[in-house]
Amino acid sequence: MSETITVSTPEETMTIGQTLADLLQASDLLLLDGDLGAGKTTFTKGLALGLGIHRNIKSPTFTIIREYQEGRLPLYHMDVYRLEEGGGDELGLEEYFNGDGVSVVEWSTFVADELPDDYLKISFKRLDNEGSTIRQLHFEAHGDHFEQVLMTLMERLNHAK
């Protein structure tokens, strides 16, 4: 199952993340892919707010994994871009994916061999020039749980309009 949403502001991107957070449970995995500046961290900020995390969310580009423990569920925000040459197996990703929180992985193609079968993939795409805030978010649900999550998310977003 897949769905596509077009947003025109960073706030709309955050709202989608915040709405999705209510539907997530421990060991859920979200994959965020897209160009630099496409909205992945903005989305994660909304997700964190929805989980009850009020700390500043920063891209984990240089630290690879940032952990936020104070919400309804812990948030494990990963940027695995620097693992382009491999090395994801040494991070213990499976422990995060099977753990007590929600894992968010940016640039998931670099750890594709480490991923479980069930996840929600969100691809972020700029629709026009560099200065624009218009983005397209394409959701792909893998597994029954995430198909249900995506259906419920779309219902909630449609009711909010």
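Reader: Leaving aside its neighbours within four places in sequence, which residues is Lys40 in contact with?

Author: This is a predicted model, in which local features need pLDDT of at least 70, side-chain atom pairs count only at pLDDT 80 or more, and totals for chains, interfaces and linings use all residues. Residues are numbered from 1 along each chain as its sequence is written, and side-chain values use heavy atoms, with hydrogens and water left out. With those neighbours set aside, Lys40 is in contact (heavy atoms within 4.5 Å) with Leu32, Asp33, Gly34, Asp35, Glu106, Trp107 and Phe124.

Reader: Which side chain of opposite charge is nearest to Lys40?

Author: That is Glu106, 4.6 Å away.

Reader: Which backbone oxygen does the side chain of Lys40 reach at 2.9 Å?

Author: The backbone oxygen of Asp35. That of Gly34 lies 2.8 Å from a polar atom of the Lys40 side chain.

Reader: Turning to the largest nonpolar core, which residues touch the most other members?

Author: Leu20, Leu30 and Leu47, of 33 residues. Such a core is a set of buried Ala, Val, Leu, Ile, Met, Phe, Trp, Tyr and Cys residues joined through side-chain atoms within 4.5 Å. The largest share, six residues, comes from α4.

Reader: What is the mean pLDDT of the protein chain?

Author: The mean is 89, on the predictor's confidence scale from 0 to 100.

Conventions
Buried < 20%, exposed > 50% of the residue type's maximum accessible area, 1.4 Å probe, protein only. Lys, Arg positive; Asp, Glu negative; His and termini not counted. Salt bridge = Lys/Arg side-chain N within 4 Å of Asp/Glu carboxyl O. Polar contact = N/O pair within 3.5 Å; in protein donor to acceptor, adjacent residues only side chain to side chain. Helix = DSSP H or I, 4+ residues; strand = E, 2+ residues; numbered from the N terminus.
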